[in-house]
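Please open the structure in your viewer and keep the sequence at hand.

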Amino acid sequence: MLARTPSDVHLGAIRLWLYAVAALVLAMVLVGGATRLTESGLSITEWQPVMGMLPPLSDAQWQTEFEKYQAIPQYHALNQGMNLDAFKAIYWWEWTHRLIGRVIGFVFLVPLLWFLWRGWIGRGLRGRLWFIFGLGALQGAVGWWMVASGLADRIEVSQYRLATHLVLACAIYVAIIWTAQRLDERPVMPSPPRIRLSAMALLLLVLLQIYLGALVAGLRAGYVYNTWPLIDGALIPDSARLFLDTPLWRNFFENTLTAQFDHRMVAYTIFVCALLHAFDVTRTAKSSWVVSSALVLVLAVTVQAALGIWTLLDRVPITLALMHQAMAMLVLTVATTHAALVARRQSRSYTASLQS
């Protein structure tokens, strides 16, 4: 075995740090899902990045926060007569969601500055990490932009902004895992360009499916058309109902039937593409790691499809809905690690370039 150099040790520490940050991002997405499903996301009606770190500490402060919530349309439409204890239950979900966001910022920035001070991060990697940090800062602003859409004239947040918020979180998650994976120098036989391209296509399809899932969630489209494989009485609904709204493009974002139909069609596409990709990999890939990850991706996609059907048929109970979102993140994790694995170069030139 080759002795590990200081550079190898540094890269190992950076990878562990990135995986820890990714775990926090995953936790934030899952808590965000619970916050949405419990209708808790509008319980905090202000954006205070610094002062908001502390929850209400006295009965008077709790009452003040409750009165702010009572002033928005959601309270009057959904929670009229709610008592203070019930308000505290939804408040803690949103507060925890925001707290994790702040913790992620701290856990990312402080070690990054320390690694830079120690000279462990080269120019190539430095730019990528600062870009990820910038995306995280943007995500905080997008989160408030989303919440603000539900504070007046609506009783829920905009599905457009909800989907943007979720997909940006997933993009950050993918960027972190991809960066950590590409710093792994374990030898892997290079994959043919076709395999690399199809793995990347699957990753992009999974991100698209998560976006469509957020639209379905924001439109409450999972609570209607609770049949499978038929939807609205047919495998392919009548075009007059699919494209009911004008202009045409609005149907893809605002028509509950079209949103759920699109979500189903992309799910079928991912399932078929994952099977074909795995078959291709088993025939052509020379690395057992690549074959194994392709098969794990097929398994994860299959479980997620079955879970999605179960959730739909059972009319979206909160437990199944949370499991469906968690499984979506697992599929995204596997798709990302697989794509990064087949994209990995055989030589040390890539990691060397990141350290220079």
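**Before starting**

This is a predicted model, in which local features need pLDDT of at least 70 and side-chain atom pairs count only at pLDDT 80 or more, whereas totals for chains, interfaces and linings use all residues. Residues are numbered from 1 along each chain as its sequence is written, and side-chain values use heavy atoms, with hydrogens and water left out.

**Stop 1: the whole chain**

Display the chain as a cartoon. It contains 13 helices and 0 strands; here helices (H or I, at least four residues) and strands (E, at least two) are DSSP runs, numbered from the N terminus. The radius of gyration is 22 Å, close to the 21 Å that the globule rule gives for 356 residues, so the chain is as compact as a globular protein of that length. That radius is taken over C-alpha atoms, and the globule rule is 2.2 Å times the number of residues to the power 0.38. Along the principal axes, the C-alpha atoms fill a box of roughly 70 × 55 × 35 Å.

Next, show the surface. The chain exposes about 17,600 Å², and carbon and sulfur atoms supply 69% of it; the areas come from the Shrake-Rupley method with a 1.4 Å probe, and for residues only the protein chains shown count as cover. Of the 356 residues, 46% count as buried. Buried means under 20% relative accessible area, exposed means over 50%, and partly exposed lies in between (1.4 Å probe, protein chains only).

How far apart in sequence are the residues that touch? Among contacts between residues at least 6 apart, 78% join residues at least 24 apart, where contact means heavy atoms within 4.5 Å.

**Stop 2: the nonpolar cores**

Select I14, W17, L18, F108, L129, I176 and L332, which have the most contacts inside the largest nonpolar core, a set of 70 residues. A nonpolar core is a set of buried Ala, Val, Leu, Ile, Met, Phe, Trp, Tyr and Cys residues joined through side-chain atoms within 4.5 Å. The elements that give two or more residues to this core include α1 (6–37), α4 (84–118), α5 (123–148) and α6 (159–182). Which helix gives the most to this core? That helix is α6, with 12 residues.

Now centre the view on L18. Not counting residues up to four places away in sequence, L18 touches F108, L129, I176, T179, A180 and L183. One of these partners, T179, belongs to helix α6 and is buried, with a relative accessible area of 1%. Leaving aside neighbours within four places, T179 is in contact with L18, L125, R128, L129 and I132.

A second, separate core of 18 residues includes F66, Y75, W95 and L151.

**Stop 3: the aromatic cluster**

Select W62, F66, Y69, Y75, F87, Y91, W92 and W95, which ring pairs link into a cluster. Rings of Phe, Tyr and Trp (its six-membered ring) pair if their centres lie within 6.5 Å; planes under 30 degrees apart count as stacked, over 60 as edge-to-face and the rest as tilted. By this rule the count comes to 21 aromatic pairs.

**Stop 4: a loop asparagine**

Select N255, in the loop between α9 (251–254) and α10. Is N255 buried or exposed? N255 is buried, with a relative accessible area of 8%. Its side chain reaches the backbone oxygen of R241 at 3.0 Å. Beyond its neighbours within four places in sequence, N255 is in contact with L219, R241, L242, L244, D245 and R250.

**Stop 5**

Most residues other than glycine have a negative phi, and most peptide bonds are trans.

- The peptide bond from W228 to P229 is cis, with omega near 10°; P229 lies in the loop between α7 and α8 (239–242).
- T246 and P247 are joined by a cis peptide bond with omega about -5°, and P247 is in the loop between α8 and α9.
- E39 has a positive phi, near 55°, and sits in the loop between α1 and α2 (59–70). E39 is partly exposed, with a relative accessible area of 25%.
- D232 has a positive phi of about 55° although it is not a glycine. D232 is in the loop between α7 and α8 and is partly exposed, at 30% relative accessible area.

Technical notes. A polar contact is a pair of N or O atoms within 3.5 Å; within protein, one must be able to donate a hydrogen and the other to accept it, and residues adjacent in sequence count only if both atoms are side-chain atoms.
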